[in-house]
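Here is a short tour for someone meeting this protein for the first time. Keep the sequence and the 3D view side by side as you read.

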Amino acid sequence: MSADKHELDDEVLSEREELLEVEQAIEDRAPSAGAARAAEALRGVAAEPGVAKPDAILVADSVTRRFGGLTAVDVDHLEVQRGTITALIGPNGAGKSTFFNLVSGFDTPDAGTWSFDGTDISGKPAYQIARLGMVRTFQLTKALMRLTTLENVMLGAVGQKGERMGVAPLRFLWKAQERQIQARAEELLERFRLSHMRDEFAGTMSGGQRKLLEMARALMVGPSLVMLDEPMAGVNPALTQSLLAHIQALRDEGTSIILVEHDMDVIMSISDWIVCFAEGKVIAEGRPDDIRTNPQVIDAYLGSRRALQQEDDGAGAPAPGTAGEDEEQAP
C-alpha cells in the first residue's frame, strides 16, 4: 500500500472520529436554563400548522412568492415564539430560504404581511429591518475579503457617525464612538474565538471561521432575533460543535433564533420548536418529538421513494435514486 493511501486512510479515520465526538457531545449536552424556559413557554401549544404562540416575536400572514408558474412560498399563518430556537426544515426547494429572504427584506413577496416584535415590517428594506433588531446570516458567507476580521465585525454596528458624508472628515466628532464600536467588536471576536484572526484579511479565513464571523457581525446590531441560513453547511465536525454551543448560548441569553438546517441530528438536538415546509407551505409544527414521528413530515422527505424502498427491501440493495441522501436526512 502506498504512503499516499496510508495518509488518506488516516485522514478519513480522523474525520470519522471527529464526527463521532461531535455526535456524542450533542447527545450528552444537558438541557440549559434557556431550553427549560423555552419548553415552559411552549407548554400546551398544539403541534399543528399555524398555531398561535404565547409571545410571538415574528408573525407572518398570507405570504406568497411566485416565480413564473411556480409558487415558492405560500404561508397562510406562522408565528415564532420569543426566546426559542425555531428550526425551519423541509426538502430542497421547500421554500425555507425564500421565506427567509422575504421576511428579512431581501426579496419582495407577491402578497402578504408580517410583523416583528409588534411592528409591521412588510415590504421594508433589509437595512431598516436590521436596525429594528432582526438580522440574518447567509448560507454563502458575505465577508468582505480584503478587510480584516476586526473591520468586518465593526461594519455591523448601526448608527455610526463616521458613515455620514458631512461628518466623516471631522474625525473628532466620531472618534470616541469608533473606540466603543471597536471595543465591542473585540469582545465578540473573543467570544467566537477569532481574536487570533483579528488583523488577518477575511479572505484568509476558512469557511467555518467565516460562519463565526457572520454571527459576530450580526450581533454588533444588538439583535433580539437572529436568522441563520444553514450555518453548518460546509463546516467541519469539530467547528460544528462550536457553532451549536454559540447558538444555544444566544438563546440562553434571551435572543430568539430562527434556523434553517438540513442536518436532522443537529435540528433534533438543539431546537425548541420545528416548522416543516413542503412545496412552499407549512405542513407541520411541533416539538422535536412531535416532528420525528409526524407522517406528513416523513412523507415530505421521502414521498414515493419510501414506497419504492419498501418494495426493494426483499430484493437486496435499493435501486439507485430511491433512498439516498433524502432518506438519511429524514427525522
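Leaving aside its neighbours within four places in sequence, which residues is Thr137 in contact with? They are Glu214, Met215, Met227, Leu228 and Asp229. The model behind this answer is predicted. Thr137 sits in the loop between β6 and α5. Its relative accessibility is 5%, so Thr137 counts as buried.

## The whole protein

Now step back. The protein has 331 residues, and 45% of them count as buried. Its secondary structure comes to 13 helices and 10 strands. Take the contacts between residues at least 6 apart in sequence: 67% of them join residues at least 24 apart.

## The open sheet

Six strands make an open sheet, in the order β6-β7-β8-β3-β9-β10. The pairing is mixed. At the edges lie β6 (134-136) and β10 (281-286), each of which pairs on one side only. From one strand to the next, the twist averages 20°.

Look at β3 and β9 inside this order. Strand β3 covers residues 85-89 and strand β9 covers residues 273-278. The two run parallel and are joined by 4 bridges. Here Thr86 stands opposite Trp273 in β9.

Helix α3 (residues 96-103) packs on the sheet. The helix touches β3, β6, β7 (225-229), β8 (256-260) and β9. Its direction makes about 145° with that of β7.

Between β3 and α3 runs a loop that holds Asn92. Is Asn92 buried or exposed? Asn92 counts as exposed, because its relative accessibility is 67%. Asn92 and His262 are 170 residues apart in sequence. In space, their C-alpha atoms are 8.9 Å apart.

## The hairpin

Next come β1 and β2. Strand β1 spans residues 56-67, and strand β2 spans residues 70-81. They pair in the antiparallel sense over 10 bridges. Val63 has Val75 in β2 as its bridge partner. Together β1 and β2 form a hairpin, with 2 residues between them. In the turn, Gly68 has a positive phi of about 65°.

## Salt bridges

Side chains of opposite charge can pair when their charged atoms come close. How many salt bridges does the count come to? The count comes to 17 salt bridges. Three of these pairs are set out below.

| Salt bridge | Closest N and O atoms |
|---|---|
| Asp107 and Arg65 | 3.0 Å |
| Asp117 and Arg82 | 2.9 Å |
| Arg217 and Glu214 | 3.6 Å |

Start with the salt bridge of Asp107 and Arg65. Asp107 lies in the loop between α3 and β4 (111-116), while Arg65 lies in strand β1, so the pair ties together parts that are 42 residues apart in sequence. Arg65 counts as buried because its relative accessibility is 15%.

Turn to the salt bridge of Asp117 and Arg82. Asp117 is in the loop between β4 and β5 (119-120), and Arg82 is in the loop between β2 and β3, so this pair ties together parts that are 35 residues apart in sequence. Asp117 has a relative accessibility of 40% and therefore counts as partly exposed. Arg82 is also partly exposed, with a relative accessible area of 27%. A network of salt bridges links Asp55, Arg82 and Asp117.

The last pair stays within one helix. Arg217 and Glu214 are 3 residues apart in helix α7 (residues 207-219), so about one helical turn separates them. Both Arg217 and Glu214 are buried. Glu214 is also one of the residues in contact with Thr137.

## A patch on the surface

Finish on the outside. Which residues form a nonpolar patch on the surface? The patch is made of Leu170, Phe172 and Leu173. Together they have about 310 Å² of accessible area. Leu170 lies in the loop between α5 (149-154) and α6 (175-191). Its relative accessibility is 36%, so Leu170 counts as partly exposed.

Definitions and conventions
Residues are numbered from 1 along each chain as its sequence is written. This is a predicted model: local features need pLDDT of at least 70, side-chain atom pairs count only at pLDDT 80 or more; totals for chains, interfaces and linings use all residues. Side-chain values use heavy atoms; hydrogens and water are left out. Two strands pair if DSSP finds at least two bridges between them. Axes are lines fitted to C-alpha atoms, for helices over the stretch in contact, and angles run from 0 to 180 degrees between N-to-C directions. Contact means heavy atoms within 4.5 Å. Patches are made of residues with over 30% relative accessible area and no salt bridge: like charges are joined within 9 Å, nonpolar side chains (Val, Leu, Ile, Met, Phe, Trp, Tyr) within 5 Å. Accessible areas come from the Shrake-Rupley method with a 1.4 Å probe; for residues, only the protein chains shown count as cover. A salt bridge is a side-chain nitrogen of Lys or Arg within 4 Å of a carboxyl oxygen of Asp or Glu. Buried means under 20% relative accessible area, exposed over 50%, partly exposed in between (1.4 Å probe, protein chains only).
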